[in-house]
Amino acid sequence: MRIDVITIFPGYLAPLREALLGRAIAAGLVDLDVHDLRDWTHDVHQAVDDAPYGGGPGMVMRPQVWGEALDAVLARDARTPRIVVPTPAGRPFTQATAQEWAGAERLLFACGRYEGIDQRVVDDARGRGLPVDEVSIGDYVLVGGEAAVLVMVEAVVRLLPGVLGNPASAEQDSFSDGLLEGPAYTRPETWRGLAVPEVLRSGNHAAIARWRRDRALERTAQRRPDLLAALPERALDKADRAF
Ligand SMILES: N#Cc1c(-c2ccc3ccn(Cc4ccc(CN5CCOCC5)cc4)c3c2)n[nH]c1N
């Protein structure tokens, strides 16, 4: 997978070259290029923003600069990317989104700042037949798109074959079966007077699986009843319903 990121703060994306993601890049599973949007300005001030038409707070990012940057970065590779534009007004980014994008050959993230990017940049890209996803990572307000890109790239790249040491981790992700995962434990058996649940030390794999499922149902009901309500009928078996 090739990943391009366009931003006015390239340094913000440095963590993408650390740890698991850094190893995925080193292993050739991911090609990452981070581009400074100001490279496509032509004025001495390298201006990337201007006042919003119609008034209102803040500034809006100029379409000309973004158009030139996108055209140039798109041309760097023959593969057509999904263009991803983080925005507070976007569709929710979910595990399903990450799974969908994990199948893409190329992703191109456009990081806005200020009050966002002139809408015509997205409209022009879509008008040229390019897939553009305007997405939000959550119902809170950030200062720009870079933090969202760090989140989304990590969620996607971890799903790529060969990235996670134990592929079962991704298969047993929270949300992958529609439920939150339950509590996890490791040694010692007792720590500060708190013991590991006995069933986990029983060796009875059926009982362990049932216990884990019950804890996942319990936690989901307590913390995310919306996820439970969204489960399809077939997702809960008889034992689940008895819980
Ligand atoms: N993903 C994601 C995000 C983002 C995100 C993503 C990208 C950009 C680019 C600029 N910003 C700042 C910004 C803040 C607020 C607003 C709304 N304005 C409307 C008019 O009144 C003032 C406020 C717009 C832009 C961004 C924020 N925030 N939260 C998420 N989950």
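Helices (H or I, at least four residues) and strands (E, at least two) are DSSP runs, numbered from the N terminus. The model is predicted: local features need pLDDT of at least 70, side-chain atom pairs count only at pLDDT 80 or more, and totals for chains, interfaces and linings use all residues. Residues are numbered from 1 along each chain as its sequence is written, and side-chain values use heavy atoms, with hydrogens and water left out.

**Confidence and overall architecture**

- The average pLDDT of the protein is 95, and 96% of the residues score at least 70.
- For the complex, the predictor gives an ipTM of 0.96 and a pTM of 0.94.
- The protein is divided into domain 1 (2-157) and domain 2 (174-242), with bounds that come from an automatic or database domain assignment.
- The centres of domain 1 and domain 2, taken over C-alpha atoms, are separated by 37 Å.
- Along its principal axes, the C-alpha trace of the protein spans about 70 × 40 × 40 Å.
- The secondary structure of the protein comprises 9 helices and 9 strands.
- Of the 243 residues of the protein, 40% count as buried; buried means under 20% relative accessible area, exposed means over 50%, and partly exposed lies in between (1.4 Å probe, protein chains only).

- Strand β6 is mostly covered, with 5 of its 5 residues buried.
- Arg106, Leu108 and Ala110 point one way from β6, whereas Leu107 and Phe109 point the other way, and all are buried.
- Strand β1 (residues 2-7) pairs with β6 in the parallel sense over 5 bridges; two strands count as paired if DSSP finds at least two bridges between them.
- Strand β5 (residues 82-92) runs parallel to β6 and is joined to it by 3 bridges.
- Isoleucine 83 has leucine 108 in β6 as its bridge partner.

**Surroundings of the ligand**

- There are 20 residues around the ligand, and Glu115, Ser136, Gly138, Tyr140 and Leu142 come nearest; a residue is near a molecule or strand if one of its heavy atoms lies within 4 Å of it.
- Strands β5 and β7 (132-136) each supply at least two residues of the shell around the ligand.
- Strand β5 gives the most to this shell, with 3 residues.
- A nitrogen atom of the ligand lies 2.6 Å from a polar backbone atom of tyrosine 140; a polar contact is a pair of N or O atoms within 3.5 Å, and within protein one must be able to donate a hydrogen and the other to accept it, while residues adjacent in sequence count only if both atoms are side-chain atoms.
- For glycine 138, the distance between a polar backbone atom and a nitrogen atom of the ligand is 2.9 Å.
- For isoleucine 137, the distance between a polar backbone atom and a nitrogen atom of the ligand is 3.5 Å.
- On its own the ligand has 640 Å² of accessible area, of which the protein covers 76%; accessible areas come from the Shrake-Rupley method with a 1.4 Å probe, and for residues only the protein chains shown count as cover.

**Backbone geometry**

- Arginine 187 and proline 188 are joined by a cis peptide bond, with omega about 10°.
- Proline 188 lies in the loop between α6 and β8 (190-191).
- Alanine 19 has a positive phi of about 50° although it is not a glycine.
- Alanine 19 belongs to helix α1 (residues 19-26) and is exposed, with a relative accessible area of 54%.
- Tyrosine 114 is a residue other than glycine with a positive phi, near 55°.
- Tyrosine 114 is found in the loop between β6 and α4 (119-127) and counts as partly exposed at 36% relative accessibility.

**Glutamine 119**

- Glutamine 119 is found in helix α4 and counts as partly exposed at 38% relative accessibility.
- The C-alpha atoms of glutamine 119 and methionine 61 are separated by 9.4 Å, and these residues are 58 residues apart along the chain.

How values were computed. pLDDT = per-residue confidence, 0-100.
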